Amino acid sequence: MNEEKELRLANFEKMMAAVEKSYDDTVAQMEKLKAAGKVKSATYGQLMGNKLMYQNVMALYKLYDLYDPNDPKQGETK
């Protein structure tokens with residue numbers, strides 16, 4: 001049973017790291033498009049939707065005390 005819980009925790013932490021990385025990658029892509037003056041493009045709009053989705057996922061983690069943005073192991077405040 002403990003191994004199962006440890007595996008579940010490890011999988012959750014992988015998922016959280018993937019969400020944070022995807023959020024950061026999305027923001028970086030948006031900044032590049034913004035610098036190129038393409039904020040009205042379909043790509044920028046799709047990235048904005050993705051950014052909001054990732055923010056919502058992180059907000060749910062935070063709501064249930066699964067994510068602490070002030071913990072250096074978990075990234076920075078978004």
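Student: Which residues is T26 in contact with, leaving aside its neighbours within four places in sequence?

Tutor: T26 is in contact with L47, N50, K51 and Y54. The model is a predicted one, and contact here means heavy atoms within 4.5 Å.

Student: Where does T26 lie, and how far is its C-alpha atom from that of Q46?

Tutor: T26 lies in helix α1. The C-alpha atoms of T26 and Q46 are separated by 9.8 Å, although the two residues are 20 apart along the chain.

Student: What makes T26 count as buried?

Tutor: The cut-off for buried is under 20% relative accessible area. T26 has 6% relative accessibility, so T26 counts as buried.

Student: Why is V57 called partly exposed?

Tutor: V57, in helix α2, has a relative accessibility of 24%. Buried would need a value under 20% and exposed a value over 50%, so a residue in between is partly exposed. V57 therefore counts as partly exposed. Its C-alpha atom is 7.8 Å from that of V19, a residue 38 places away along the chain.

Student: How do you know which class L52 belongs to?

Tutor: L52 is found in helix α2, and its relative accessibility is 42%. That value falls between the 20% and 50% limits, so L52 counts as partly exposed. The C-alpha atoms of L52 and E31, 21 residues apart along the chain, are separated by 15 Å.

Student: What makes the pair D25 and K21 a salt bridge?

Tutor: The rule asks for a side-chain nitrogen of Lys or Arg within 4 Å of a carboxyl oxygen of Asp or Glu. In D25 and K21 the N to O distance is 2.8 Å, so the pair meets the 4 Å limit. The count by this rule comes to 1 salt bridge. Side chains of opposite charge can pair when their charged atoms come close.

Student: Why are D25 and K21 about one helical turn apart?

Tutor: Because D25 and K21 are 4 residues apart in helix α1, which covers residues 2-35. D25 is partly exposed at 36% relative accessible area, whereas K21 is exposed at 52%.

Student: Which residues make up the largest nonpolar core?

Tutor: The core has 7 residues: M16, V19, Y23, Y54, M58, Y61 and Y67. The elements that give two or more residues to this core are α1 and α2. To be called a nonpolar core, such residues must be buried and joined through side-chain atoms within 4.5 Å. In soluble globular proteins, nonpolar side chains tend to be buried together.

Student: What does Y61 touch, not counting residues up to four places away in sequence?

Tutor: Y61 touches F12, M15, M16, V19, L66 and Y67.

Student: Which residues form the nonpolar patch on the surface?

Tutor: L60, L63, Y64 and L66 form the patch, with about 460 Å² of accessible area together.

Student: What makes L63 exposed?

Tutor: L63 lies in helix α2 (residues 42-63), and its relative accessible area is 59%. The limit for exposed is over 50%, so L63 is exposed.

Student: Where is D65 found, and what is its phi?

Tutor: D65 is found in the segment after α2. Its phi is near 55 degrees, a positive value in a residue other than glycine. D65 counts as exposed, with 70% relative accessibility.

Student: How many helices and strands does the protein chain have?

Tutor: The protein chain has 2 helices and 0 strands.

Student: How do you know that the chain is more spread out than a compact globule?

Tutor: The globule rule gives 12 Å for 78 residues, and the radius of gyration is 15 Å, well over that, so the chain is more spread out than a compact globule. Its C-alpha atoms fill a box of roughly 55 × 20 × 20 Å along the principal axes.

Student: How many of the 78 residues are buried, as a percentage?

Tutor: Buried residues make up 19% of them. The protein chain exposes about 6,200 Å², and carbon and sulfur atoms supply 55% of that area.

Terms used:
Residues numbered from 1 in each chain as written. Predicted model: local features only at pLDDT ≥ 70, side-chain atom pairs only at ≥ 80, totals over all residues. Heavy atoms only, no water. Patch = residues over 30% accessible without salt bridge, like charges linked within 9 Å, V, L, I, M, F, W, Y side chains within 5 Å. Areas by Shrake-Rupley, 256 points an atom, 1.4 Å probe, with all protein chains shown as cover. Buried < 20%, exposed > 50% of the residue type's maximum accessible area, 1.4 Å probe, protein only. Rg over C-alpha atoms; globule rule 2.2 N^0.38 Å.
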